[in-house]
Amino acid sequence: MEPIVSQTSSPQTNEQENSVLQLKVKKVDAKAMLNNEGIVVLKGSQALITAQPSLSKGHTKLRSNLKKGVITPSGDHLLAAEDILFTSSSQAAAVLIGYPRSGPDYWRDSSGKTLKDIERH
């Protein structure tokens with residue numbers, strides 16, 4: 001499923017859902033918020049320039065489509081030019097990092113808690 005470029009998706013009112021999540025892997029420093037439609041990667045978030053062969057064809061296609069103006073080159077990484085809605089935290093992580101990753105294990109809140117731990121409560 002295609003990510004949706006979205007500036008109108010409003011975050012859920014639940015406090016845990018409202019907190020900003022971070023993905024920090026290699027040269028990627030991305031921020032996102034959960035909403036009732038998925039996970040919104042925030043404008044200014046970073047992505048790796050190249051994808052690895054292990055990235056699925058679907059995620060590779062998403063990256064290619066996003067590289068047509070939604071994520072743009074900036075130095076040694078890519079930057080999100082606007083907020084991007086993804087259907088899952090794993091989809092967002094894989095597209096940004098360029099290889100398969102478990103979103104619940106890699107997205108963390110400001111205290112370092114994984115999304116997996118946050119969702120358990």
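Predicted model: local features only at pLDDT ≥ 70, side-chain atom pairs only at ≥ 80, totals over all residues.

Colleague: Leaving aside its neighbours within four places in sequence, which residues is K113 in contact with?

Modeller: Happy to start there! Residues are numbered from 1 along each chain as its sequence is written, and side-chain values use heavy atoms, with hydrogens and water left out. With contact meaning heavy atoms within 4.5 Å, and with neighbours within four places in sequence set aside, K113 is in contact with W107, R108, I118 and H121.

Colleague: What separation do the C-alpha atoms of K113 and L21 have?

Modeller: K113 is found in the loop between α4 (103–106) and α5; helices (H or I, at least four residues) and strands (E, at least two) are DSSP runs, numbered from the N terminus. Its relative accessible area of 36% makes K113 partly exposed, which sits between buried (under 20% relative accessible area) and exposed (over 50%), using a 1.4 Å probe and protein chains only. K113 and L21 are 92 residues apart along the chain, and their C-alpha atoms are separated by 9.4 Å.

Colleague: In what order do the elements run from the N terminus on?

Modeller: There are five helices and eight strands in the chain. Starting at the N terminus, the elements run β-α-β-β-β-β-α-β-β-β-α-α-α.

Colleague: Over which residues does pLDDT stay under 50?

Modeller: The chain averages a pLDDT of 88, and 85% of the residues score at least 70. One stretch stays under 50, with 22 contacts beyond four places in sequence in the model: residues 6–17.

Colleague: How far apart are the closest N and O atoms in the salt bridge of D76 with K27?

Modeller: In general, side chains of opposite charge can pair when their charged atoms come close. A salt bridge is a side-chain nitrogen of Lys or Arg within 4 Å of a carboxyl oxygen of Asp or Glu, and the structure holds three of them. D76 lies in the loop between β6 (71–74) and β7 and K27 in the loop between β2 and β3, so this pair ties together parts 49 residues apart in sequence. The closest N and O atoms of D76 and K27 are at a distance of 3.1 Å.

Colleague: How far from R63 is the nearest side chain of opposite charge?

Modeller: R63 lies in helix α2, and its side chain reaches the backbone oxygen of I49 at 2.9 Å. Lys and Arg count as positive and Asp and Glu as negative, while His and the chain ends are not counted. R63 is buried without a salt bridge, and D76, its nearest side chain of opposite charge, is away by 12 Å.

Colleague: With which side chain does the side chain of Q46 make a polar contact?

Modeller: Q46 is found in strand β5 (residues 46–47) and, at 18% relative accessibility, counts as buried. A polar contact is a pair of N or O atoms within 3.5 Å; within protein, one must be able to donate a hydrogen and the other to accept it, and residues adjacent in sequence count only if both atoms are side-chain atoms. A polar atom of the Q46 side chain lies 3.0 Å from the backbone nitrogen of D29. At 3.3 Å, the side chain of Q46 makes a polar contact with the side chain of H77.

Note on methods
pLDDT = per-residue confidence, 0-100.
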